[in-house]
Amino acid sequence: MALASIGITLHHHGFRFQTPAVYPHQPEPTSAPLRFGILGAARVAPLSLILPVKNHADAVVHAVAARDQNRADTFAKKHGIAKAYGGTAAYQELLDDPEIDAVYIPLPNGLHYEWTMKALAAGKHVLLELPSTNTAEETRRMFDYAEKKGLVLLEAVHSRFHPAIRRTKEIVDSGELGTITKIETEMAIPSGIFNDSDIRFSYALGGGAFMEMGCYTLFTARYLAGADPLRVVTASADTSSAFPRIDIGTTATLAFPPLSSASAPSASSPGAAPTEITAIMTTHFRLPPRLGFIPQFPQVSARVIGTRGEVKLFNYLGPWLYHYITVKTTDENGVTKTRTEKAYGNYGWTTYRYQLEAFVDKIRGRTPDHWYDAQDSVSNLRWIERIYEATGLGSRPESSAQIPTD
Ligand SMILES: NC(=O)C1=CN([C@@H]2O[C@H](COP(=O)(O)OP(=O)(O)OC[C@H]3O[C@@H](n4cnc5c(N)ncnc54)[C@H](OP(=O)(O)O)[C@@H]3O)[C@@H](O)[C@H]2O)C=CC1
Ligand SMILES: O=C1OC[C@@H](O)[C@H](O)[C@H]1O
């Protein structure tokens with residue numbers, strides 16, 4: 001996430017992306033736009049929802065709720081949000097507000113299940129921050145409930161909606177790389193970005209590097225492989241005595257089935273056995289400085305290697321800021337060719353803006369340009385749990401909240 005993480009970090013520290021270069025055009029809202037409420041005055045919300053909504057004619061952020069009234073008021077004022085609910089009952093009050101159509105949930109991971117279920121019970125569509133919950137079983141229950149209620153629920157894997165990753169997938173599926181043998185996905189940032197009190201270091205709140213960052217690396221590897229893994233080969237976590245059960249970094253190797261489009265026996269290798277794909281996922285919250293003082297550059301790339309070549313997408317998390325897609329292929333005469341592509345898509349659109357477009361389209365009954373289903377989110381959590389099991393740290397705790405059962 002090199003640039004994405006730099007972007008998110010800058011944002012956390014006050015830098016604003018709301019420049020004409022990012023959103024040159026701020027359309028007038030339609031007469032009855034979709035009205036969002038936000039649960040929690042979270043740091044990520046301006047980047048992930050508030051700015052994209054300003055550029056969408058059919059959506060508006062109408063309310064925010066925070067556990068403290070002052071915090072809610074300050075956030076609402078700063079972002080031009082009409083209503084601010086504050087106090088211990090604020091989240092439920094926002095959910096009970098008939099003026100709200102959809103809820104964005106950027107709460108700590110361990111609260112996702114409880115508040116998504118409550119939002120669905122209140123009849124709201126939900127855009128839910130990732131990872132969807134702490135366990136695959138909770139994610140499955142949540143999506144089953146959304147279906148029963150006829151509501152849209154989306155785990156916000158924003159990177160999946162951007163043309164850069166979709167172009168990369170197209171290259172992988174085209175067969176030009178030959179039989180795919182290896183996938184590498186990374187998301188790691190240098191130390192000094194998140195302090196010890198951050199939600200990411202709380203086991204009770206569902207923290208951990210493979211929860212926060214592994215969810216992207218795994219979602220991306222599964223997308224590029226076009227399948228779910230077969231097994232965890234190895235997984236090891238970097239831990240600290242300061243945070244029992246939290247991985248500051250995890251590296252996992254998974255085996256995937258052969259890619260269907262490239263594994264069929266070809267004229268050049270008739271009857272060849274399909275090759276399993278080895279996928280290595282690397283995550284870290286606190287990459288140590290090199291030689292003790294040189295900060296490491298964030299790592300955020302996805303690379304797919306085949307028998308005839310490879311593709312690398314640099315910065316799959318913040319491709320709107322900068323990215324490149326490099327394709328290297330070697331033909332039967334041993335001649336190697338390299339080309340670089342870019343896929344920025346609509347001018348100024350971030351991954352979050354693409355995601356918003358799809359979410360609103362789905363609610364409005366239009367077919368989104370890109371979508372992934374409940375099973376994709378359930379599988380991601382299932383394999384996150386298996387990876388945590390393999391590290392010895394175990395799954396994050398299940399929610400103990402009282403959940404609606406209608
Ligand atoms: N899509 C993306 O690019 C990103 C996604 N994320 C995801 O978004 C979520 C929030 O991350 P981030 O914005 O960094 O987190 P923050 O810590 O900034 O926000 C979390 C919010 O949760 C609320 N909250 C409720 N209960 C608790 C509690 N017990 N402890 C702490 N906070 C609580 C707080 O709301 P209140 O205002 O009510 O006090 C706070 O505003 C996570 O799920 C994370 O994985 C994070 C960064 C980037
Ligand atoms: O998108 C993200 O970027 C920063 C990470 O630590 C965060 O948790 C993740 O969701």
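Predicted model: local features only at pLDDT ≥ 70, side-chain atom pairs only at ≥ 80, totals over all residues.
Local features rest on residues with pLDDT of at least 70 and side-chain atom pairs on pLDDT 80 or more, whereas totals for chains, interfaces and linings use all residues. Residues are numbered from 1 along each chain as its sequence is written, chains are lettered from A and ligands numbered from 1 in the order in which they are written, and side-chain values use heavy atoms, with hydrogens and water left out.

The protein chain is assigned domain 1 (33-158) and domain 2 (160-359 + 374-391); such bounds come from an automatic or database domain assignment. Taken over C-alpha atoms, the centres of the two domains are 27 Å apart.

Contact, meaning heavy atoms within 4.5 Å, joins 32 residues of domain 1 to 30 residues of domain 2. The buried area between them is about 2,900 Å², with 67% given by carbon and sulfur atoms; this is the accessible area (1.4 Å probe) that two parts lose on being put together, summed over both. Of the area that domain 1 buries against domain 2, A136, V157 and H158 supply 26%, more than any other three residues.

One salt bridge is counted between domain 1 and domain 2. A salt bridge (a side-chain nitrogen of Lys or Arg within 4 Å of a carboxyl oxygen of Asp or Glu) links the side chains of R43 and D198, at 2.8 Å from N to O.

Oxygen atoms of ligand 1 approach several polar protein atoms. One such distance is 2.6 Å, to an N or O atom in the side chain of Y352. Another is 2.8 Å, to an N or O atom in the side chain of E212, and a polar backbone atom of R67 is also 2.8 Å from a ligand oxygen. The protein covers 88% of the 890 Å² of accessible area that ligand 1 has on its own, by the Shrake-Rupley method with a 1.4 Å probe.

Terms used: Polar contact = N/O pair within 3.5 Å; in protein donor to acceptor, adjacent residues only side chain to side chain.
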